[in-house]
Amino acid sequence: MTQTFEQWCGDLEARLSRNQQRLTPQRRLIARVLHGHDGHVNVDDLHQLVRRKDKSVGYATVYRMLKLLEDYELVQTNTFVDGTARYEIASKHHSHHDHLVCKECGTVVEFENEEIERLQELVAAQLGFDLVDHKMVLYGRPKLGTCCAKH
Ligand SMILES: [Zn+2]
Ligand SMILES: [Zn+2]
Ligand SMILES: [Zn+2]
């Protein structure tokens, strides 16, 4: 189940107020643009998108906001191919997914596989742990006719 922006933003405001902080208009704008994005955006691109709506928002503000969201576990971060961190909305209410990245063009494909999820919990349990989090990224070369491999 994906949360609406208002639900996700409500979680953010609750976390901020617990830390004696406010959701300023600039922070709210950054949150809205991020939530409206289809995911896997880096700081530069998010900053550009936010500046289209409000030119006064600086790079550092966007960067700090993303770090804050990361601390609050309201975004998920992945570094897939080019070494820049990419952000997407996450929270315990969001359905979990993993990623496959095209080695040729960097396209990110999301997938969910219950069996893989279950196996990871099993592996952790066998090693004496409760699994609390994981990141799994598959890297692949496209077969003909998929992704960027046209013919
Ligand atoms: Zn997973
Ligand atoms: Zn994703
Ligand atoms: Zn590709």
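**The pocket and its lining**

Modeller: Sorted by class, the lining of the largest pocket holds 13 charged, 12 polar and 9 nonpolar residues (Ala, Val, Leu, Ile, Met, Phe, Trp, Tyr, Cys and Pro count as nonpolar, Asp, Glu, Lys and Arg as charged, and the others, Gly among them, as polar). The model is predicted, so local features need pLDDT of at least 70 and side-chain atom pairs 80 or more, while totals for chains, interfaces and linings use all residues. Residues are numbered from 1 along each chain as written, chains are lettered from A and ligands numbered from 1 in written order, and side-chain values use heavy atoms, without hydrogens and water.

The lining comes to 34 residues, and Glu73, Gln76, Ala90, Ser91 and Lys92 are the ones nearest the pocket centre. Two or more lining residues come from each of helix H1 (5-18), helix H2 (25-36), strand E1 (75-78), strand E2 (86-89) and helix H5 (114-126) (helices, H or I with at least four residues, and strands, E with at least two, are DSSP runs numbered from the N terminus). Domain 1 (5-89) and domain 2 (98-140) each give at least three residues to this lining; the domain bounds come from an automatic or database assignment.

The volume of the largest pocket is about 990 Å³. A pocket here is an open set of points on a 1 Å grid over the protein atoms alone, with protein on both sides within 12 Å along at least five of seven lines, whereas in a cavity a 1.4 Å probe fits but cannot get out; lining residues have an atom within 4 Å of a point. Points are joined across faces, edges and corners, and volume is the space filled by probe spheres set on them.

There is 1 cavity of 30 Å³ or more, and the largest cavity holds about 40 Å³. Gln76, which lies among the residues nearest the pocket centre, also lines this cavity, as do Asn78, His134 and Met136, among others. E1 and strand E3 (98-102) each supply at least two residues to the cavity lining, which has 6 polar, 2 nonpolar and 2 charged residues.

For the whole protein, the count is 5 helices and 5 strands, in the order α-α-α-α-β-β-β-β-α-β along the sequence. Its C-alpha atoms fill a box of roughly 45 × 45 × 25 Å along the principal axes.
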